[in-house]
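Hello,

Here is the structure I promised to pass on.

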Amino acid sequence: MASGSSSVCRPHVLMLPFPETGHINPLMDLAKYLSSCHGFLITFVNTLYNHKRILRANVGHLPSDHGLDIRMVGIPDGLSEVENRDNDVADFVKVIENVGAVLDELIRNIASECPHPVTCIISDVTAVKTIDVAQKFGIPRVAFWPPNASTHSLICHARHAASVGEFAAEDFLEKDEVVSFPGLPPMRGRHLPWAVGTKQEAQSIFKSVCRNVEALRHSEWVLCNSVYELEPTIQSLLPSGYSKVCPIGPILHADLLQKRITRENQTTTGLWTEQNECLDWLDHQSPCTVLYVSMGSIVLFVKQQLLELALGLEASGVRILWVLRADTCSPDCFPDGYIERNAKKMKIVQWCPQVSVLSHKAVGGFLTHCGWNSTLEAMAMGIPMLAWPHLADQFLNSSLIVDEWGVGIHLGEGFVRGETVEAKVKELMSQESPVRGKALQLKQVITRASIEGGSSFTNLVKFVEWLKMNCE
Ligand code: UDP
């Protein structure tokens, strides 16, 4: 390892997320926890494109503005000027390969400029190139697995089945055929996480997720943003030879519980500016009366679907806080007068502080696309969900939410009519809904896992001890 000039070694963790919101957020939560609770130095690496967006979107609210030793760094992503950097999974994959491969220059620069050399790399599971870089510098690499352990298990089983000729990823696309693996809900072929695009594209995504799982054997730890009690048997049912993941979630809890984040001292590092005024609007609503609606950072709607959703939400009569990203909606999407006649009952923003929203007492339900972060954040706050999955791991998450954990109801799949939205919103928001009690029970389970003596807390403590040992 390159040596610094200081005689006292301070843990210095270099973090590299996949260049997408759902991957950046939980890794940043871990960065904040390690920095605020343990005094570690963090270098947080984004693509230059995302880095500039983050700086622009969060003026005055970055971790460094609040005294945390988290240095945000941007490095080139290797794409040409004109290539799409916002919504194309194939490009995201290309980018993470490129960025992982050029990390060594950054590590060399840090060694020459900073008294504390990098002592560990925590990189997204997709950043397999960082394994070579870590080996070159003699630094341990820890893999960060942002989805749940069930998704890891699903890929391991499918990979194993493919290796013995029992499963061909591309054959399942668009099929109703049901695939079953131990410990996992049965899934239709078209709902498998890699069933995206054409057969060829699905095959290539499947190959790349299998490669990522295979590469986990070169990582000292595989940190997973989940909770053991949510998926207790999933690891023990893996085919032999597959590495185990270590659940430390919900990572945001580690920070929230230990540092008492408030509206004033909250730091943000998202790609969009949070419109905090929606919290003031929530302050004026009665407890448990507001449905929060958000489809995360990637899902896009066709205009007709957006219209049906808008009409269904209005017809439900429920108060709504709705995140409509600028890229999902143009001003002519809604019928004439829609915004005006719903001005009192509905608050529409382009991006919000979601964790604060979900923990607000006025919020009583969440219409979600079932991204894993949103799912875990809602469960951590005891909020029942209306599940409307669109792609990737969202279908598996939705089965877990509804069928396994009983903390939500299905809205539907694909195109959904306004009448369905209306009926399901009313069902979810009714105070008698059984999923409401279940959501509160699960909140207790998750909270217990995150506090001293709990499973996630204990795993995090062990991990921190190991990080410190690497420094001795
Ligand atoms: N999020 C947010 N504000 C919003 C919408 C989403 O802060 O208005 C955050 C949310 O808290 C979560 C992430 O964006 O941490 C979305 O990740 P998820 O895995 O749920 O979905 P993805 O965006 O990856 O589809």
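Seven strands make up an open sheet with parallel pairing, and their order across it is S3-S2-S1-S4-S5-S8-S9. At the edges sit strand S3 (70-75) and strand S9 (246-247), each of which pairs on one side only. Please bear in mind that this is a predicted model.

To see the pairing at residue level, go to strand S4 (residues 120-124) and strand S5 (residues 141-145), which run parallel to each other and are joined over four bridges. One place to check by eye is Ile121, whose bridge partner in S5 is Arg141. As you know, strands of a sheet pair through backbone hydrogen bonds, either parallel or antiparallel.

Helix H7 covers residues 199-215, 17 residues in all. From first C-alpha to last, H7 reaches 24 Å, close to the 24 Å expected at 1.5 Å a residue. Which residues of H7 are buried? They are Ala202, Ile205, Phe206, Val209, Asn212 and Val213. Looking down the axis of H7, you will find these buried residues within an arc of 125°, so they line one face of the helix. That buried set packs against helix H6 (149-163), while Gln200 and Arg211 are exposed on the other side of H7.

Then there is the ligand. The shell around the ligand holds 18 residues, and those that come nearest are Gly22, Gly296, Gln354, Gly371 and Ser374. Three helices supply at least two shell residues each: H1 (21-38), H12 (354-358) and H13 (372-381). Which of the elements gives the largest share of the shell? That is H13, with four residues.

Glu413 is found in the loop that links strand S15 (408-410) to helix H15 (418-429). Is Glu413 buried, exposed or partly exposed? Glu413 counts as partly exposed, because it has 15 C-beta neighbours inside 10 Å, and a residue needs 20 or more to be buried, or 12 or fewer to be exposed. Glu413 and Phe395 stand 18 residues apart in sequence, and their C-alpha atoms are 9.2 Å apart in space.

Happy to go through any of this with you.

Best wishes

How values were computed
Residues are numbered from 1 along each chain as its sequence is written. This is a predicted model: local features need pLDDT of at least 70, side-chain atom pairs count only at pLDDT 80 or more; totals for chains, interfaces and linings use all residues. A residue is near a molecule or strand if its C-beta atom, placed from the backbone, lies within 6 Å of it. The expected span of a helix is 1.5 Å times one less than its number of residues. The arc is that of the directions from the helix axis to the C-beta atoms. Two residues are in contact if their C-beta atoms, placed from the backbone, lie within 7 Å. Two strands pair if DSSP finds at least two bridges between them.
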